[in-house]
Amino acid sequence: MATMVAERRDVMKLEGQRAARAIWSYLVEPGDPPPPLDDAERALEDLRTRPATTTQAARWRTRLDGLSQDILSGNFPTDAGFVMPGDEHWPVALDDLGEIRPIGLWVKGSPKVLTHPAISVVGARAATSYGVEVAGSLGRDLSTSHVLVSGGAYGIDAAVHRAVLAGLGRTIVVLAGGVDRAYPAAHRELFEAVTISGGAVISEQPPGATPARHRFLSRNRIIAALGQVTVVVEAGIRSGALATARRAAELGRDVGAVPGPVTSALSAGTNQLLRDYGICVTGADDVRELLGTIGPDALPIVPESNYDRLREREKRVWNALAPAVVATLPAVAREAGLSASETVSSLEFLKSIGLARSIAGRWIRVMA
């Protein structure tokens with residue numbers, strides 16, 4: 001079995017307390033009473049060897065019994081990292097969650113970004129063009145000084161992430177399922193762009209976990225805690241974005257809301273938020289005002305361009321394109337020395353981050 005594990009791809013070996021906490025992430029659902037994790041290894045051993053005296057312990061034991069021997073041995077099926085409280089790159093803002101703080105975070109991309117000053121921006125999935133425009137403007141402007149945090153969903157979330165990438169900034173995607181399960185699936189390339197560009201895709205859920213409905217609700221507390229300010233761009237009266245705003249307010253964070261037309265159902269939630277406790281936000285300067293003494297140069301400058309952050313295959317495809325001449329897919333594949341399927345995948349990825357354009361089925365380079 002050990003030989004098979006060594007030969008598998010995307011296997012991460014963890015040991016000691018880190019391995020124990022990673023195993024606990026498979027056992028505990030957000031909202032469960034927290035296990036005694038001051039000594040995660042001892043707590044895990046007690047769960048294995050002692051009779052379950054509580055309903056919660058019985059639930060955890062059921063999941064423990066279902067884990068593979070690989071995982072129990074500290075070999076996790078992922079290429080993601082795992083950070084835990086006390087680590088250099090653990091986001092201490094999550095400690096404000098108290099007993100409902102995550103056990104740890106699975107991280108694809110750069111863990112360093114988790115400790116940079118951050119702003120959370122959330123909103124409706126079925127966003128209007130108005131909402132997308134405002135979210136994009138906030139993302140581009142604020143990414144010069146802060147990491148932008150959102151949930152990777154359609155609509156406002158995606159508009160924020162894409163705007164940050166276009167501005168060569170960094171963004172964090174907080175998922176409700178495992179980091180190896182892009183949700184929505186259509187955003188897989190967007191999430192890859194986030195990690196390549198120095199950002200991160202994170203989750204408290206272990207690899208393979210499904211993005212179930214209750215996990216979206218619990219995921220919102222992480223988005224709320226990571227941001228020094230939370231801004232809601234568009235939201236209906238009942239929405240996850242408003243739940244995130246409420247959680248942020250409970251944590252003592254300022255909450256901003258973008259006003260919208262009184263005739264729009266997607267602005268009903270933000271307008272209600274403004275009546276209750278939200279602060280009116282009409283642009284990035286309003287958000288900076290909420291940040292108070294946090295200066296605009298707080299985020300370290302990364303000199304690399306999007307091209308510099310590309311994987312080698314995408315660089316080959318980008319270099320095979322011309323800035324003023326459209327090329328067919330076969331021509332690009334031949335020039336790059338790649339298969340047609342590899343070239344299509346790389347071209348779509350380059351398009352998603354603004355480094356290539358498709359014109360009538362042909363391709364052209366966009367300068368980095």
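Predicted model: local features only at pLDDT ≥ 70, side-chain atom pairs only at ≥ 80, totals over all residues.
Leaving aside its neighbours within four places in sequence, which residues is H161 in contact with?

Residues are numbered from 1 along each chain as its sequence is written, and side-chain values use heavy atoms, with hydrogens and water left out.

**Stop 1: H161 and its helix**

With H161 selected, display S150, G151, G152, T171, I172, V173 and L190: these are its contacts once neighbours within four places in sequence are set aside. Contact here means heavy atoms within 4.5 Å. H161 sits in helix α7. Helices (H or I, at least four residues) and strands (E, at least two) are DSSP runs, numbered from the N terminus. H161 counts as buried, at 0% relative accessibility. For this tour, buried means under 20% relative accessible area, exposed over 50%, and partly exposed in between (1.4 Å probe, protein chains only).

Now widen the selection to the whole of α7, residues 156-166. Nine of its 11 residues are buried, so the helix is largely enclosed by the rest of the structure. Colour the buried ones: I156, D157, A158, A159, V160, H161, A163, V164 and L165. The elements covering them include β5 (118-122), α6 (129-142), β6 (147-150), β7 (171-174) and α8. After α7, pick L168, which has a positive phi, near 60 degrees.

**Stop 2**

Next, show α3 (residues 40-49) together with helix α4 (residues 55-66). Two packed helices are described by the angle between their axes and the distance between the axes. Here the axes come within 10 Å and cross at roughly 90 degrees. Axes are lines fitted to C-alpha atoms, for helices over the stretch in contact, and angles run from 0 to 180 degrees between N-to-C directions. The two helices, α3 and α4, are therefore roughly perpendicular to each other. The cut-offs are under 35 degrees for roughly parallel, over 145 for roughly antiparallel, 65 to 115 for roughly perpendicular, and oblique for the rest.

**Stop 3: salt bridges**

How many salt bridges does the structure hold? There are 16. Another one to select joins D79 and K108, at 3.7 Å, N to O. D79 lies in the loop between β2 (75-76) and β3 (81-83) and K108 in strand β4 (residues 105-109), so this pair ties together parts that are 29 residues apart in sequence.

Then go to E192 and R311, whose side chains meet at 3.5 Å, N to O, in a salt bridge. This pair links distant parts of the chain, 119 residues apart: E192 is in helix α8 (residues 188-196), and R311 is in the loop between α12 (284-291) and α13 (312-320).

**Stop 4: aromatic rings**

The whole structure has six aromatic pairs. Select Y26 and W106: their ring centres are 6.4 Å apart and their planes lie at 85 degrees, so the pair is edge-to-face. Rings of Phe, Tyr and Trp (its six-membered ring) pair if their centres lie within 6.5 Å, with planes under 30 degrees apart counted as stacked, over 60 as edge-to-face and the rest as tilted. Y26 belongs to helix α2 (residues 16-27) and W106 to strand β4, 80 residues apart. Both Y26 and W106 are buried. Bring in F76 and F82 to complete one aromatic cluster with Y26 and W106.

**Last stop: L355**

Finally, centre on L355, in the loop between α15 (340-352) and β12 (356-359). L355 is buried, with a relative accessible area of 3%. Draw a C-alpha to C-alpha distance from L355 to R365: the two are 10 residues apart in sequence and 6.3 Å apart in space.

Notes: Salt bridge = Lys/Arg side-chain N within 4 Å of Asp/Glu carboxyl O.
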